[in-house]
Amino acid sequence: MKRDFPVIFERSRSGRRGTRPPRPPEVDLAGLLGAENLRSAPPRLPEVDELTVVRHYTNLSRRQVGVDTNFYPLGSCTMKYNPRVNEAAAALFTELHPYQDPETAQGALQIMYELQEYLAEITGMDAVTLQPAAGAHGELTGMLLIRVYHESRGEGEQRRVVLVPDSAHGSNPATASMAGYQVREVPSGPDGEVDLDALRAALGPEVAAIMLTNPNTLGLFERKILELIDAAHYQGVQLYYDGANLNAIMGWARPGDMGFDVVHLNLHKTFSTPHGGGGPGSGPVGAKAHLAPFLPVPTVKREGERYVLDFDRPQTIGRMRSFYGNFAVMVRAYTYIRMLGAEGLKKASAMAVLNANYLRKKLAEVGYKIPYDRLCKHEFIAQPPEGLKALDVAKALLDYGYHPPTVYFPLIVKEAMMIEPTETESKETLDEYVEVMAEIARRGLEDPEWIAHTPYHTPVRRLDEVAANRKPVLRWRPEEG
Amino acid sequence: MDYTPHTTDDVRAMLEALGMQELRELFADLPEALLEPELDLPAPMDEQAILAHLRELAGRNASAAKAFLGGGLRPHFVPSLVPALAQRGEFLTAYTPYQPEVSQGVLQAVFEYQTMIAELTGLDVSNASLYDGAAALAEGVLLALRQTRRMGVVVSQGVHPEYRQVLATYLHAVGAELRTVALEGGLTPPAEFDDSVGAVVLQSPNFLGAIENPAPWVEAARASGALVVYVADPLSLALLKPPGEWGADIAVGEGQPLGNPMNFGGPQFGYIAVREKLARQLPGRLVSQTYDVDGRRGYVLALAAREQHIRRAKAKSNITTNAQLTALMGAMHMAALGPEGLADVAAASVACARALAEMLARLPGVERVTPEPFFNEFVLRLPRPAAEVRSELAARGWHAAAPVPAEYGENLALFAATERHDEDDLAGLTAALEEVLQ
């Protein structure tokens with residue numbers, strides 16, 4: 001049996017030093033800070049030399065896959081290539097403080113201003129805030145805009161319900177709750193789209209908003225979107241667009257033109273900024289003119305040749321985040337948009353959709369079931385052949401060097417595998433992936449024992465998640481090491 | 001420039017497999033009226049051109065590498081290994097570790113980060129990170145309200161004003177009541193809490209830089225059944241008594257001073273740590289140690305039943321993406337410096353701020369408003385509005401004197417100093433301020 005990979009605390013030796021910071025002057029800390037305010041003992045942080053730190057994290061990184069190492073078709077997450085030039089771009093703007101005189105940060109403010117303009121143009125909205133720190137944070141911002149809008153019209157008390165399709169991302173109902181709303185689920189029809197009749201029946205004077213993803217989480221474009229939005233608007237209901245799937249339609253259609261009132265975007269999905277193992281992301285929100293007065297402060301505006309932070313928004317929902325948002329993520333997205341331009345964005349979406357449809361077709365040919373087998377957008381849902389589980393297919397893929405798709409989501413499809421190849425993968429990658437999927441299906445059906453115990457060749461094998469939930473160990477302690 | 005690998009032949013072959021001739025057919029399910037809007041965006045650029053353009057924009061910013069600005073973000077020494085390791089593609093381009101067998105790198109790093117934050121705060125359990133200090137405060141308060149099933153919140157005015165604004169936005173949404181206790185002489189006065197109050201919030205060092213005595217609030221909160229949310233700069237905890245030792249239930253704060261650049265305000269990371277009994281109320285990701293089928297130690301996401309993708313409308317929070325990479329940088333920073341290195345950084349920062357405060361307070365018309373003892377930030381009353389002074393200092397090449405909101409008083413300016421500053425910097429800023437104020 002292999003030895004466990006040590007935690008950094010196990011590499012610690014009392015008295016060993018790593019990087020030496022500037023040497024502090026001799027000071028009487030008890031005198032300066034008050035003896036009663038000092039720690040009784042230093043925090044038990046690791047005491048390791050620099051090389052040990054570098055090896056530790058380098059070797060940890062080798063126990064991790066990312067887009068840079070493997071095909072990563074994780075549905076709904078848009079794991080496209082994260083260009084290295086974005087990193088070089090962000091590195092030009094690290095040494096800026098949010099409280100420095102704005103006159104000395106004109107370059108940074110110009111980037112923010114122009115990014116606001118570009119995102120408004122791409123989504124068809126009138127105004128954009130860059131403040132939200134991630135997609136779900138953008139969702140909350142957007143739903144609070146809607147809430148304050150209804151309050152401003154004296155309908156805040158009356159409109160207490162938010163409609164969410166049963167195929168929605170989990171963050172949608174969670175956000176609606178955080179925004180103080182009751183959530184009512186709307187069923188999908190047999191075609192995988194929102195059931196328009198059920199939705200019409202659910203509309204009423206108590207409904208504040210509908211949260212929709214389009215294309216939806218099945219990867220299907222809601223074809224009745226214009227009728228749906230008309231019906232909702234007729235009843236005074238606001239339309240929220242979850243932009244997680246915008247990578248499907250950039251340059252081909254705009255949520256603003258569909259009639260949506262609020263949109264959030266995930267710069268770390270659609271606009272190629274790295275996911276970082278789970279953030280930091282950025283979740284700008286676009287709003288139509290009637291919601292613009294409520295945007296969080298500050299936004300960036302242009303006055304002649306100068307860019308200024310605009311705090312003057314008397315009807316604002318308030319602040320969503322300290323400072324101005326995840327600026328360094330914005331720089332990366334700005335770089336991406338400037339490099340691709342309108343034609344490049346449109347081509348990116350076209351290739352994302354082409355790859356998804358090609359893969360859908362090819363997987364169907366090798367025995368995978370496609371529950372909604374029609375033109376999809378940037379992703380689609382597959383199911384393993386009868387007799388196999390999505391989880392086992394996912395685990396088997398690990399041994400072949402692929403990151404699995406999103407599994408068991410959306411909840412309305414049994415054994416769902418949600419596959420989003422993105423536009424930055426080549427035809428060869430997709431063809432090889434199909435071959436592997438075919439082999440897994442064949443071998444898994446022949447040898448159920450084999451697939452049930454995959455993976456065999458990963459740094460660790462299937463882990464005991466039940467024990468981790470029943471009796472979680474959430475920090476290292478010497479006695480448990 | 002785009003990043004698609006498709007050759008003309010590839011596109012033709014793939015369309016053919018779909019029985020299509022043109023890319024436009026891929027969008028046949030969209031209403032015709034919506035299709036192909038003309039996007040008014042600047043023309044595409046290649047890599048060399050965009051970098052030249054960005055360098056020109058960067059040239060219109062004045063570096064704040066030696067800024068005397070604070071508010072929880074400051075220029076600090078960062079070991080070179082931190083950005084180098086954080087740029088490893090495996091860390092940079094992974095996503096949430098839902099497949100633990102191939103995500104041990106991120107998962108173990110998070111587990112170690114959780115341990116470090118627990119150690120630093122003197123509490124039991126940390127989550128994997130939140131967006132920033134302000135969001136961490138808002139989530140910490142919501143957690144306290146869930147636990148106590150109360151809807152009242154009392155916050156000290158000493159808490160960063162932007163954090164309080166974010167808190168107000170979150171609390172308005174759920175209909176909770178927020179009361180603010182004004183500072184007296186730069187410190188939080190004792191207060192009493194009735195049984196409607198579920199969370200009391202104070203910050204130390206507070207927004208003016210002063211070190212608070214949290215004991216009276218902790219005692220009053222205990223007596224009324226409220227939970228104490230303690231906002232702390234993590235660097236200060238290298239020296240100062242941690243929230244857990246003071247009796248706080250929840251500690252939150254802004255992680256930038258741990259290995260992250262200022263980035264014009266973001267991203268950094270927010271941290272949250274709690275007592276054991278509150279672990280199942282935590283928002284966001286949590287990583288637990290466990291074992292694989294061969295008995296090898298490994299790590300997985302745990303207690304997902306709290307989270308939005310399982311609980312949907314009943315989740316503890318809507319959070320999904322948090323601040324993993326920047327929190328990882330925080331962990332690398334703590335590992336590289338160790339307890340002694342971190343304490344050295346904090347001590348140098350304290351000493352430098354002390355020296356600067358003394359030098360500046362000797363200038364005519366300048367008075368220190370922050371009471372003793374203070375940490376590495378402090379507030380001065382200037383004879384003129386701070387925004388004007390900041391602008392005139394900037395014209396002389398110095399970033400200092402951030403305007404303090406009027407709720408704290410007239411003509412107040414926030415200063416900070418860190419181990420990045422040397423004696424020449426202090427003397428230079430002092431001379432510049434003297435000149436500006438003449």
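Visitor: In this predicted model, which residues does P293(A) touch, not counting residues up to four places away in sequence?
Guide: P293(A) is found in the loop between strand 7 (285-287) and strand 8 (299-303) of chain A. Leaving out residues up to four places away in sequence, its contacts are R313(A) and Q315(A).

Visitor: Is P293(A) buried, exposed or partly exposed?
Guide: A residue counts as buried at 20 or more other C-beta atoms within 10 Å, and as exposed at 12 or fewer. P293(A) has 17. Because that count falls in between, P293(A) is partly exposed.

Visitor: What distance separates the C-alpha atoms of P293(A) and P73(A)?
Guide: Along the chain, P293(A) and P73(A) are 220 residues apart. Their C-alpha atoms are separated by 39 Å.

Visitor: Which helix of chain A gives the most to the side that touches chain B?
Guide: The two chains meet through 171 residues of chain A and 167 residues of chain B. The residues on the chain A side divide into 91 nonpolar, 46 polar and 34 charged. With 21 residues, the most is given by helix 10 (residues 327-365) of chain A.

Visitor: What is the handedness of the β-α-β crossover from strand 2 to strand 3 of chain A?
Guide: Strand 2 (residues 161-165) and strand 3 (residues 182-186) of chain A run parallel and are joined by five bridges. V164(A) stands opposite E185(A) of strand 3. Between the two strands of chain A the chain passes through helix 6 (residues 171-178), and the crossover is right-handed.

Visitor: Which strands stand at the edges of the open four-stranded sheet of chain B?
Guide: The strand order in this sheet of chain B is 10-11-13-12, with antiparallel pairing.

Visitor: Which residue stands opposite P403(B)?
Guide: Strand 12 of chain B pairs with strand 13 (residues 412-416) of chain B in the antiparallel sense, over two bridges. In strand 13 of chain B, the residue opposite P403(B) is A413(B).

Visitor: At about what angle does helix 11 of chain B run to strand 11 of chain B?
Guide: Helix 11 (residues 324-361) of chain B lies across strand 10, strand 11 (377-381) and strand 13 of chain B. Its angle to strand 11 of chain B is about 5°.

Visitor: Which residues of the largest nonpolar core touch the most other members?
Guide: This core has 314 residues. M332(B) touches residues of both chains, including V53(A), Y57(A) and L81(B). The residues that touch the most other members are I250(B), M332(B) and A413(B).

Conventions: Residues are numbered from 1 along each chain as its sequence is written. Chains are lettered from A and ligands numbered from 1 in the order in which they are written. This is a predicted model: local features need pLDDT of at least 70, side-chain atom pairs count only at pLDDT 80 or more; totals for chains, interfaces and linings use all residues. Two residues are in contact if their C-beta atoms, placed from the backbone, lie within 7 Å. Ala, Val, Leu, Ile, Met, Phe, Trp, Tyr, Cys and Pro count as nonpolar, Asp, Glu, Lys and Arg as charged, and the others, Gly among them, as polar. Two strands pair if DSSP finds at least two bridges between them. A crossover is right-handed if, with the strands pointing away from the viewer, the path from the first strand over the helix to the second runs clockwise. Axes are lines fitted to C-alpha atoms, for helices over the stretch in contact, and angles run from 0 to 180 degrees between N-to-C directions. A nonpolar core is a set of buried Ala, Val, Leu, Ile, Met, Phe, Trp, Tyr and Cys residues joined through C-beta atoms within 7 Å.
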